[in-house]
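Biologist: I would like to learn how to read a few features of a structure, one at a time. Could you take me through them?

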Amino acid sequence: MTDPEKLINPLMQWRLWTIPTAIALLLIIVAQYSFLAFHTFIELFTIIISFVMFTLAWSTREFTKNNFMVFLACGYLWIGYLDLMHTLVFKGMTVFVEGSGNLTVQFWIAARYMEALLLFAAPFVAMKKQNGYLLIGIFGALAVALSALILSGNFPTGFIEGQGITHFKVYSEYLIVFILASALISLLYIKDGICARERKLLIASIAMTICAELLFTYYINIHSISNLLGHIFKLFSFWLIFNAIIVSNLKTPYAALRKSEENFKRLFDNSEVSIWNEDFSKVFYTLNKLRQEGVTDLEQYLLNNQQLAWELAGMVKVLEVNEVTLRLFAAKSREDFFGRISETFGENAIDVFTKGLHAIWGKKTVFRSEAIYNTLDGNEINCIISFQIPQTTEGFQSVPVTLVDITHRKQNEARIWHQGNFDALTGLVNRNLFYDRFPHALDIAQRKRTRVALLYLDLDGFKHVNDTLGHLVGDKLLQEASQRLISQMRKSDTVARLGGDEFAILLPENNSTYDIEVIANKILKNLAQPYHFEGRDSFVSASIGITIFPDDGNNTVNLMRKADSAMYRAKKKGRNQFQFFVQEMDDEAMRRKELEEALHIALDNGDFHLNYQPVINTETGCVDSAEALIRWQHTEKGMVPPGEFIPLAEEIGLIVPIGEWVLREACREAMTWSIVHKKPPSVAVNLSSRQFQSQNIPELVKVVLLESGLPAERLILEITESLLFSDNDRTLNQLQAIRRLGVQLSIDDFGTGYSSLSYLKKFPVSYLKIDHSFIMNLPTISEDVALVNAILSMAQSLDLSVVAEGVETPAQAAFMLSTNCQYLQGYLYSKPLTNVDFIDYLRRYSNAESVLKVVAKNT
């Protein structure tokens, strides 16, 4: 956009030249009769201009922030002083010394030197912040020093009576012209901090001053034409600088003020927020009066004089409101609004007004607060009221107060808060709000020295209802169970749904153990009542773990953890009961947590290794295969039994990466057995049902066999009966894919699960391993003898091989041999061995001699 200042050249405006031209013509006429009067009037005109320029620039410096003009004004103040001295010592004047031509010329040269240097330096300091007092001091010291030199006779002579001006005078004029010309060039090239209008006026002023100085080089006497014209050019020069000061420091601020008023009016009328223009002057006056009377604490004063706040509120006068205000408050017209304005203030209006009084009293810069208003049609709205607190007394006569309607925002915030803190399904407090309330309840109990009971509750049998009847019925059951819980509680209690079918109940205040037991029993009885959905009854119960503050802990985390442990103990004891926390639960939970953390570390650090227990072929007496058994050597606890960490690994999901590691390691080490045996044994690896659920086992086996180089026929995968019992197509497809790879399948711990002939016939297994619990009492327990014979008979009919595990005595071995069991495994033949020891075992029995015979000899 084009700058308007560049479109209008101030030098081309005739009004600029009217006044100085008229004054110049008048003074030229005066000069014909009295040159002294001409000189005195024209110098007084320029002196007055110098002083007025300083006064304007100095008094408006805080508003205009024009560093360039402040610099010039401070200099021209003292130039005006030197010109005044020049006037007072002019020949014919007898004010404080006898006037002479030399004194006049000397003060003239001093003033012009100072002016030239001032104009030359000004463009270079235009962008720098000026210290006005320092400038006045520097320029004043220079002017006073020059005056002292002149009056003491130590300044070079500029004029000699009867001879005219001296060489010093002439050369000084030329030097001043040179400095002014340099100032002219600097103004043309340095533009930062100087507006276009100021620059043009100053350039013209300097040009006039140069003309004046050149004319004064022809000075002969005071009545010469060059002296007269030189003073006329000086008059025009000062007039141009005066106009620059007037516009920049007087007209421009007023123009900006008018523009600001217009902008405010436009903003007031077109704003999208409600604006009230209010008069606070009486309020401000009253507050100042209170301060003068010695009031220092306004808050306490208003508490002691409660009616004063209402009186001050009555002093506020609403001058005007915009159209948005009328629409916001449903006013039919301005008259309607102002006539009923008292109806718009909400119930907390006086409190908000009092906050505003404190802000004014404390000399804050801004006041902002939420307030409730009433529309004229009876609705309540929430607003943010704010206004800039004026810094002057006059400012309080017109204070724009804005009101922003935040009603919808407050409603949305309330809805979002409710969604974030209450369960969408049941309407109960959710986990987020529960964990916020719990610490507060503990703090209150600690102060009052009371107890807080926490009941951690889980529904028994809910999963079965959810799975069999569907999620919609499950949701209805949760809703009804929530209502049953609420019906048992006091208003001070908190019932929360933590997720799924887990609930937590806070019982604050002083609860005895007996009271807690009564409440817990009522909850159990109530929840155990049948639920009627879709024409049928559903039944669930609950297990409740209970902790008490401060007996069982002093913070939320500990109490929740211990309540969870107590709840699981209640489930283990048979469900539909409650269990108070006891320390042994915590010890057990801590051991479990420590073991869980150690399992993760062991997997990362490679602390597991494999042992191998030989499986003997009863027909050949040789090692036909070996079962890979995982071992964990803990750095501090030593050897951790598999029965302790395998179930935990199953529960927390670590069995998947552990099982994969076992498979890879077993296949890798089995490849080393060929160094001592031409026909090395197979390796049997146990797989968890969790692995089949979360992994593509056939693909994993294929990759591991390729990586290790182990032939597929040398790998046996042992699975549990529970995997077969799942009877789903995904499991069957995986097992069939494994068999297609050439890998054999074995059912581990057979006889302890739910297998039947139909399962065995359906799934592609090759081996059955009779669980050691059936072998350990052979041949003395007739029931076990009958069961083992039945398994062997069934396996024979299905063409399956049988492995008897846990053979530890010669009597057990003899019995199994008598039944023609194909494979034996147990401590009688070897304990589980490290890979190195197992290779040595194979080396010892690599000849034709039967392991069975060697063992028989030794026993």
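Modeller: Five strands, in the order β4-β3-β7-β6-β5, form an open sheet with antiparallel pairing, where strands are DSSP runs of E of at least two residues and helices are runs of H or I of at least four, numbered from the N terminus, and two strands pair if DSSP finds at least two bridges between them. This is a predicted model, in which local features need pLDDT of at least 70 and side-chain atom pairs count only at pLDDT 80 or more, while totals for chains, interfaces and linings use all residues. Residues are numbered from 1 along each chain as its sequence is written, and side-chain values use heavy atoms, with hydrogens and water left out.

Biologist: How many bridges join β5 to β6?

Modeller: Nine bridges link β5 with the antiparallel strand β6 (residues 380-388), and Asn374 has Glu380 in β6 as its bridge partner.

Biologist: Is α9 mostly covered or uncovered?

Modeller: A residue is buried under 20% relative accessible area, exposed over 50% and partly exposed in between (1.4 Å probe, protein chains only); in α9 (residues 196-216), 15 of the 21 residues are buried, and the helix is mostly covered.

Biologist: Why does Leu44 count as partly exposed?

Modeller: Leu44, which lies in helix α3 (residues 35-59), counts as partly exposed because its relative accessibility is 34%.

Technical notes: The expected span of a helix is 1.5 Å times one less than its number of residues.
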